[in-house]
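Please look at the structure below.

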Amino acid sequence: MRRRGNFPGSSKKSLVNLSAQTVITATPRQIESVIRLSEALARIWFSEWVEKPDVMEAFRLLEVAMQQSATDHATGTIDMDLITTGVSASERMRRDTVASTTRGIIMEKMQLGGPSMRLLELLEELKKQSSVGEVHLNDLRNAVASLVTEGFVSLHGESVKRI
């Protein structure tokens, strides 16, 4: 499995190349899965030994499972973050960009302790300045919630105030 990841651009960690375009970290859980699947496939054929075709089929089954459960629909690539955290790396970057752009708009448009700004006004500004494509009110609410946690703004109903 480690050798399959040894090609230019791969890191020195244990990697498995499941398809021509996909390089993912081989976690102990995934290695154990390949072992269990290989053993089960050998048992299906009443074999006492696990042979190369059993292992190759186990890899194929693992690849299919990962493609079905870990494919980031935004990028079309396998993203293990989707399985481990429930959020793909591209979505996390998108959320960070929305929050950063929101912070910039607030710094530009609002003074410390000054008047508040309604979320819908902020959303319109965000749509004008955003480089992440379509932005929805829920995206803005999430960005503002993280800014509230940082102590950068306060939220009062549907209005944001810089503090």
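Contact here means heavy atoms within 4.5 Å. Helices (H or I, at least four residues) and strands (E, at least two) are DSSP runs, numbered from the N terminus. This is a predicted model, in which local features need pLDDT of at least 70 and side-chain atom pairs count only at pLDDT 80 or more, while totals for chains, interfaces and linings use all residues. Residues are numbered from 1 along each chain as its sequence is written, and side-chain values use heavy atoms, with hydrogens and water left out.

Start with helix H4, residues 89–109. Its 21 residues reach 30 Å from the first C-alpha to the last, close to the 30 Å expected at 1.5 Å a residue; the expected span is 1.5 Å times one less than the number of residues. Buried means under 20% relative accessible area and exposed over 50%, with partly exposed in between (1.4 Å probe, protein chains only). The buried residues of H4 are Arg94, Val98, Ala99, Thr101, Thr102, Ile105 and Ile106. Seen down the axis of H4, they fall within an arc of 165 degrees, so they line one face of the helix. The arc is that of the directions from the helix axis to the C-beta atoms. Met93, Asp96 and Glu108, on the other side of H4, are exposed.

What covers the buried residues of H4? The cover includes helices H5 (119–129) and H6 (137–150), and strands E4 (153–156) and E5 (159–162).

In H6, Asp139, Leu140, Ala143, Val144 and Leu147 are buried. These residues cover an arc of only 130 degrees around the axis, which puts them on the same side of H6. They pack against H4, H5, E4 and E5. After H6 comes Gly151, with a positive phi near 85 degrees.
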